[in-house]
Amino acid sequence: MEHSENCIFCKIISGDIASEFLFQDEALVAFKDIKPIAPVHVLIVPKKHVRSINDLTAGDEALISRMIMAAKDLAKQTGVNKSGYRLFFNVEKGGGQEIFHLHLHLIGGWV
Ligand code: 5GP
Ligand code: ZN
C-alpha cells in the first residue's frame with residue numbers, strides 16, 4: 001500500500017495512531033471525525049494515499065464507487081439513512097481541504 005510520510009491519515013490507517021474504525025476492508029477505512037460538525041460525522045478514507053480528487057486517475061473509478069457504497073452502508077450503520085445525510089469532498093485549500101489524503105465526509109443526524 002502506498003503510504004505517505006507525515007500524513008496523519010496514513011498513520012491512522014497503518015495503526016501508528018490508534019483509532020477505532022467503524023468499517024474497514026482491503027481498500028478503505030472509516031472513522032469518526034475528531035472535530036465533528038454534525039451529530040454524525042464519519043470520514044471514508046482509501047488506504048492508498050491519494051492527495052485529493054484532482055489526483056485520481058483512470059484506474060481509480062472502482063475506488064470512488066467503493067467509497068460511495070461504503071458511505072451508504074455507514075449511513076445505515078450510524079442510523080442516519082432514513083432521516084438523510086450529506087456526502088462531500090473538499091478539494092484543495094480553496095475547497096476547504098485541510099488533510100491532503102483523499103476522504104469522503106458523511107454528515108447527518110440533525111433530525
Ligand atoms: P478536510 O477539511 O481536509 O476535508 O477534512 C479533514 C477532516 O479531518 C476535518 O473534519 C478534521 O476535523 C478531521 N481530522 C483532522 N485530524 C484528524 C485526526 O487525527 N483524527 C480524526 N479522526 N479526524 C481528524
Ligand atoms: Zn496519506
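This report describes the largest pocket of the structure and the ligand in it. The model is predicted.

**The pocket**

The largest pocket has a volume of about 570 Å³. Its lining counts 22 residues. Closest to the pocket centre are Phe-9, Asp-33, Ile-34, Lys-35 and Leu-43. H1 gives the most, with 3 residues. By class, the lining of the largest pocket divides into 10 nonpolar, 7 polar and 5 charged residues.

**The ligand**

Where does ligand 1 sit? Ligand 1 is placed in the largest pocket. There are 16 residues around ligand 1. Lys-32, Asp-33, Glu-98, His-103 and His-105 come nearest to the ligand. Asp-33 is also among the residues closest to the centre of the largest pocket.

H1 and E2 each supply at least two residues of the shell around ligand 1. The largest share of that shell comes from H1, with 3 residues. H1 also gives the most to the lining of the largest pocket. The shell around ligand 1 is made up of 7 nonpolar, 5 polar and 4 charged residues.

| Residue | Protein atom | Ligand 1 atom | Distance |
|---|---|---|---|
| Gly-96 | polar backbone atom | oxygen | 2.8 Å |
| His-103 | polar side-chain atom | oxygen | 2.7 Å |
| His-105 | polar side-chain atom | oxygen | 2.8 Å |

His-103 uses a side-chain atom, and so does His-105. Both histidines also belong to the residues that come nearest to ligand 1.

How much of the accessible area of ligand 1 does the protein cover? On its own, ligand 1 has 520 Å² of accessible area, and the protein covers 85% of it.

Terms used. Residues numbered from 1 in each chain as written. Chains lettered and ligands numbered in written order. Predicted model: local features only at pLDDT ≥ 70, side-chain atom pairs only at ≥ 80, totals over all residues. Heavy atoms only, no water. 1 Å grid on protein atoms, 1.4 Å probe; cavity = no way out; pocket = protein on both sides within 12 Å on 5 of 7 lines; lining within 4 Å. Points joined across faces, edges and corners; volume = space filled by probe spheres on them. Helix = DSSP H or I, 4+ residues; strand = E, 2+ residues; numbered from the N terminus. Nonpolar A, V, L, I, M, F, W, Y, C, P; charged D, E, K, R; others polar. Near = heavy atom within 4 Å. Polar contact = N/O pair within 3.5 Å; in protein donor to acceptor, adjacent residues only side chain to side chain. Areas by Shrake-Rupley, 256 points an atom, 1.4 Å probe, with all protein chains shown as cover. Sits in = over half its atoms within 2 Å of the grid points.
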